[in-house]
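The sequence and the structure are shown first, and the description follows.

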Amino acid sequence: MTRDEIFQNVQKVLEEALGADEEDITLDASLTADLQAESIDFLDIVFRLEKTFSTPGKPFKISQGELFPENLMENPAWVADGKLTDQGMAMLRERMPHVDFSKFENTREVNKVAATITVQSLVDFIDRKLKA
Amino acid sequence: MRWMWIDRIVEFEPRTRMVAVKNISLAEEHLHDHFPKMGNRDAMPVMPASLIIEGMAQTAGILVGTVNNFREKVLLAKVVLARIEADAFPGQTLRYEATLDRIDAQGAATIGVVHRIDPATGNSLEIGRVDLMFSHIDQNMAGLSFPEENFVFSDNFRTILRTAGIEHEG
């Protein structure tokens with residue numbers, strides 16, 4: 001599947017899950033900041049992506065915490081004073097290579113980490129996973 | 001019994017689907033306010049669509065709860081789609097058919113079809129769709145903690161489960 005086809009499928013998923021307009025679902029749109037996704041929407045998106053990209057011979061299964069950052073607070077070494085530590089940033093980069101953290105690096109505020117996830121992040125995630 | 005918007009579970013296939021019915025009665029007080037006589041317009045008691053969504057949420061929520069023997073606190077988190085295309089009146093029966101679409105540790109998605117049955121004719125008419133998402137709130141992303149006791153599946157639910165022959169181990 002080409003990246004363009006993946007993007008079109010992701011667009012459809014986000015239209016259905018978030019009630020967003022097609023023209024607003026651009027590659028650089030943030031799921032939370034631009035498309036108003038809330039936490040339960042992430043689960044909805046995961047379910048829909050699994051359904052969309054599964055094929056009879058090859059199920060597309062997304063593990064908890066694989067696509068979206070989760071349970072960051074459970075490890076005190078990752079977050080201090082509401083900000084990601086160096087160790088926390090290293091963990092995020094390792095777990096989520098599909099997300100561009102370059103702008104987030106400046107603030108590191110844990111309550112803004114979800115806003116770093118863009119439509120592009122989803123396309124990258126699926127592209128990597130389908131090729132794996 | 002308060003805030004129960006289903007009367008009886010009539011079909012249940014574990015992990016798959018649940019069907020419940022709700023008989024609409026003119027004795028229900030909310031029908032007198034929905035809608036009262038106003039000016040020249042006669043009163044028109046119809047089942048509020050919001051309570052039809054609640055009825056489906058209770059049916060689908062129990063279905064989701066059964067998957068983990070009611071150990072999870074299952075809360076309605078998102079109305080994905082709600083489309084009610086015809087009114088339902090006192091003396092009619094609503095039939096809520098909930099199908100489990102997806103479930104994992106964090107929550108579940110359900111598909112719901114609403115029928116209206118008219119006992120005068122026996123006819124059943126599909127009047128809407130209500131698709132929902134539920135969160136297993138102890139597993140949710142916010143990392144909050146909730147009381148030990150399962151306040152979702154409380155005594156109100158036990159009667160309806162018992163009459164349907166469903167075990168409540170939570």
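## Chain B and a helix pair in chain A

In chain B, residues 24 or more positions apart make up 67% of the contacts with a separation of 6 or more. The model described here is predicted. Chain B contains 2 helices and 6 strands, and their order along the sequence is β-β-α-β-β-β-β-α.

The overall dimensions of chain B can be considered next. For 170 residues, a compact globule would have a radius of gyration near 15 Å, and the 17 Å of chain B agrees with this. The C-alpha trace of chain B spans about 55 × 30 × 30 Å along its principal axes. Of the 170 residues in chain B, 33% count as buried.

In chain A, the subject is a pair of helices. Two packed helices are described by the angle between their axes and the distance between the axes. Helix H1(A) covers residues 3–18 and helix H5(A) covers residues 119–131; they pack at an angle of about 125°, with their axes 9 Å apart. Angles from 65 to 115 degrees count as roughly perpendicular and those over 145 as roughly antiparallel; H1(A) and H5(A) are therefore oblique to each other. The crossing of H1(A) past H5(A) is right-handed. The residues that make the contact are listed by helix below.

| Helix | Residues in the contact |
|---|---|
| H1(A) | Arg3(A), Ile6(A), Phe7(A), Val10(A), Leu14(A) |
| H5(A) | Val119(A), Leu122(A), Val123(A), Ile126(A), Asp127(A) |

By class, the contact of H1(A) with H5(A) comprises 8 nonpolar and 2 charged residues, with no polar residues.

How values were computed
Residues numbered from 1 in each chain as written. Chains lettered and ligands numbered in written order. Predicted model: local features only at pLDDT ≥ 70, side-chain atom pairs only at ≥ 80, totals over all residues. Axes fitted to C-alpha atoms, helices over the stretch in contact; angles between N-to-C directions. Helix = DSSP H or I, 4+ residues; strand = E, 2+ residues; numbered from the N terminus. Parallel < 35°, antiparallel > 145°, perpendicular 65-115°, else oblique. Left-handed = near helix turned anticlockwise from the far one by under 90°. Contact = placed C-beta atoms within 7 Å. Nonpolar A, V, L, I, M, F, W, Y, C, P; charged D, E, K, R; others polar. Rg over C-alpha atoms; globule rule 2.2 N^0.38 Å. Buried ≥ 20, exposed ≤ 12 C-beta atoms within 10 Å, placed from the backbone.
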